[in-house]
Amino acid sequence: MATGSDKEKGLRKHLNEQGGGQSYGVPASGEVEGNSYEPMGNPGVNHWQATYINRDGLQDRGNIFFAAVEMTRMPMVITDPRLPDNPIVFCNGAFLDLTQYKEEDILGRNCRMLQGPETDRRTVDELRNALGEQRAVAVDILNYKADGSAFWNALFIGPIFDQDGQLLYFFASQMDITERRRSQESHLQAQKMEAIGQLTAGMAHDFNNLLQVINGNLEVALISLEQPDMARAALERAQRAAMRAGKLTQQLLTFARKQRLEPVPVNINNLVVEFSDMLVRTLGNKVELRLDLRPGLPICHLDPTHLEMALLNVLINARDAMPGGGEVVVATSIVRGEDRIRRHNLAPGTYVDLCVIDHGVGMPPEVLQRATEPFFTTKGPGTGLGLAMVHGFVQQSHGRLEIDSRPDEGTTVRMLFPVADNASDHGSNGTHADTAAPDAEDAAGSRPCVLVVEDNDDVRDLAESVLGMAGYAVLAAASGEQALTLLRDGARVDLLFTDVIMPGGMNGLQLVEEARRLRPRLPVLVTTGYMDELPAHGKAPGQRLNILAKPYKHGDLLERVEAALGREA
């Protein structure tokens, strides 16, 4: 919460004197007072955050300042915190025009009378805390008029003290910003639709290219069945294109913050040093990598693989921004303290700053503004998903991505991550197999039986073929309900292999839960391409989910099945 100076800090500032000592004011001096809209476009400097007066004078209505208050179109209110419940003791005509209340319905009541069912409770708490600390505060809050209609209110409240520092009143000025909020929301919606259109066009372009490669090479393979070498080469090209399509999907999910992260305690310094050989090879001979790492860096809770990929993407951009060569600096530091936290617009706490600095061509403002949009790129080749993926990962890790760039001066990219509250490893990376023994395998050593549950016919047939060719017995089910029927009827199943997303009925997670009730020792392997909200482990100890991400290679499937069955791969 950002509020104005407290009383003691305010008195240490240079005070503005008015009326030959009749009143003193604490200048704002550019200090941010809250989350409110700033009418001048930036935090004020000359307006007062708090006032000290030498006499009460509330009933003195015969001076020019009272006339000005009544003539202004800006709604104004004064409350008296010395009275029970801090009631309104004065309001001007503009406030009555704004709220549609009559003066007799306003005086003597607390300002919370303007709140309603959709008023944000966190904003109310921010106001309450500021008033309790006798500080200035400015917020945008949803208020309600006498007829029940809602309006957005840009509200500023400041304390008024006597010259001994005793709190006398709170002064509040308001501004109806409903139209501005609607215009802003419409603009954001238009930007969102433009981004969706760009995203759709980019996806269609890239996937069409990949589908062309896959279908074309499959046609070649079919035509050249009598020429094994040519058919094999065509199939390998089709497979590579399919895996690239899978990688593109994962990048999109990371951008959308729907990709499952596996955070563990990470010392970012150690990760950078261990990854530096790869970074040097990526930068090439023309670009020198310099590390400026702060000793004693605290632990963060992050997914190390995604962090490495994010750092790699940023460094590739830095390399491309210096075609003639140069130096890239990877630096770390600790961000703490109220001023630095406020400067980076972070929640209170301690953060680690992972910073990449280059002195390349930089970006003009119009490019910088769109730098993290998906499929936006100024490069000839490339998908434009690099910084979008970085942004998604940092946001999903509860951090903040900042990019500062100027043409011909270079670019600084900061990834700010919160320090871990507890540096303990929670132990699950989402890939541990449930190594409990299978229910049964007959004495003759017959083939283990895998129950494949998948609603897509082609995907299910493919899994059956791969497992069958590897020597497994296979049962297949097109839904969770069918799979449960097989289990309840006593079918021999040594491993349950199920998709997670199965529309229209029982999903894979529900199936796993029911299957474990029926057969607690049954090994489980789940697969999905969409891992949002997928739990890292089961409800009971020792029942962590063994997850195989789609799309997967045949070898990956067989390796994970072997591991889940407790056999040597």
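Visitor: Before we start, when does a charge sit over a ring?
Guide: A charge sits over a ring if NZ of Lys or CZ of Arg is within 6 Å of the ring centre and within 35 degrees of the ring normal. In this predicted model, Arg181 lies over the face of Trp152, 3.6 Å from the ring centre.

Visitor: Nice. And which ring does the charged end of Lys145 sit over?
Guide: That would be the ring of Phe151, with the charged end of Lys145 5.7 Å from its centre.

Visitor: How many aromatic pairs turn up in a search of the whole structure?
Guide: The search finds one. Phe393 and Phe417 make up the pair, with 5.9 Å centre to centre and 55° between the planes, and the geometry is tilted.

Visitor: Where do those two sit, and what does the pair tie together?
Guide: Phe393 belongs to helix α12 (residues 386–396) and Phe417 to strand β15 (residues 410–418), so the pair ties together parts that are 24 residues apart in sequence.

Visitor: Are Phe393 and Phe417 buried or exposed?
Guide: Both Phe393 and Phe417 are buried.

Visitor: Let's zoom out. What does the secondary structure of the chain come to?
Guide: There are 16 helices and 20 strands in the protein chain. Of its 569 residues, 43% are buried. As for contacts between residues at least 6 apart in sequence, 64% join residues at least 24 apart.

Visitor: What pLDDT does the chain average?
Guide: The average is 77, and 72% of the residues score at least 70. Over residues 422–445, though, the pLDDT is below 50, and that stretch has 51 contacts in the model beyond near neighbours in sequence. Residues 536–542 also stay under 50, with 14 contacts beyond four places in sequence.

Visitor: Back to helices. At what angle do α14 and α15 pack?
Guide: Helix α14 (residues 480–488) and helix α15 (residues 508–518) pack at about 5°, and their axes are 10 Å apart. That makes α14 roughly parallel to α15.

Visitor: Which residues make the contact?
Guide: On α14 the contact comes from Gly480, Ala483, Leu484, Leu487 and Arg488, while α15 supplies Leu511, Glu514, Ala515 and Leu518.

Visitor: And α16, which of its residues are buried?
Guide: In α16, which covers residues 554–564, the buried residues are Leu557, Arg560, Val561, Glu562 and Ala564.

Visitor: What do they pack against?
Guide: The buried residues of α16 pack against one helix-numbered element, α13 (457–469), along with β16 (449–453), β18 (495–499), β19 (524–528) and β20 (547–549). Just after α16, Gly566 takes a positive phi of about 75°.

Visitor: Where is Gln134, then?
Guide: Gln134 is in the loop between α5 (121–132) and β6 (137–144). Its relative accessibility is 23%, so Gln134 counts as partly exposed.

Visitor: And where does Asp408 lie?
Guide: Asp408 is found in the loop between β14 (400–406) and β15. Asp408 counts as exposed because its relative accessibility is 70%, and the cut-off for exposed is over 50%.

Notes:
Residues numbered from 1 in each chain as written. Predicted model: local features only at pLDDT ≥ 70, side-chain atom pairs only at ≥ 80, totals over all residues. Heavy atoms only, no water. pLDDT = per-residue confidence, 0-100. Contact = heavy atoms within 4.5 Å. Buried < 20%, exposed > 50% of the residue type's maximum accessible area, 1.4 Å probe, protein only. Helix = DSSP H or I, 4+ residues; strand = E, 2+ residues; numbered from the N terminus. Phe/Tyr/Trp six-rings, centres within 6.5 Å; stacked < 30°, edge-to-face > 60°. Axes fitted to C-alpha atoms, helices over the stretch in contact; angles between N-to-C directions. Parallel < 35°, antiparallel > 145°, perpendicular 65-115°, else oblique.
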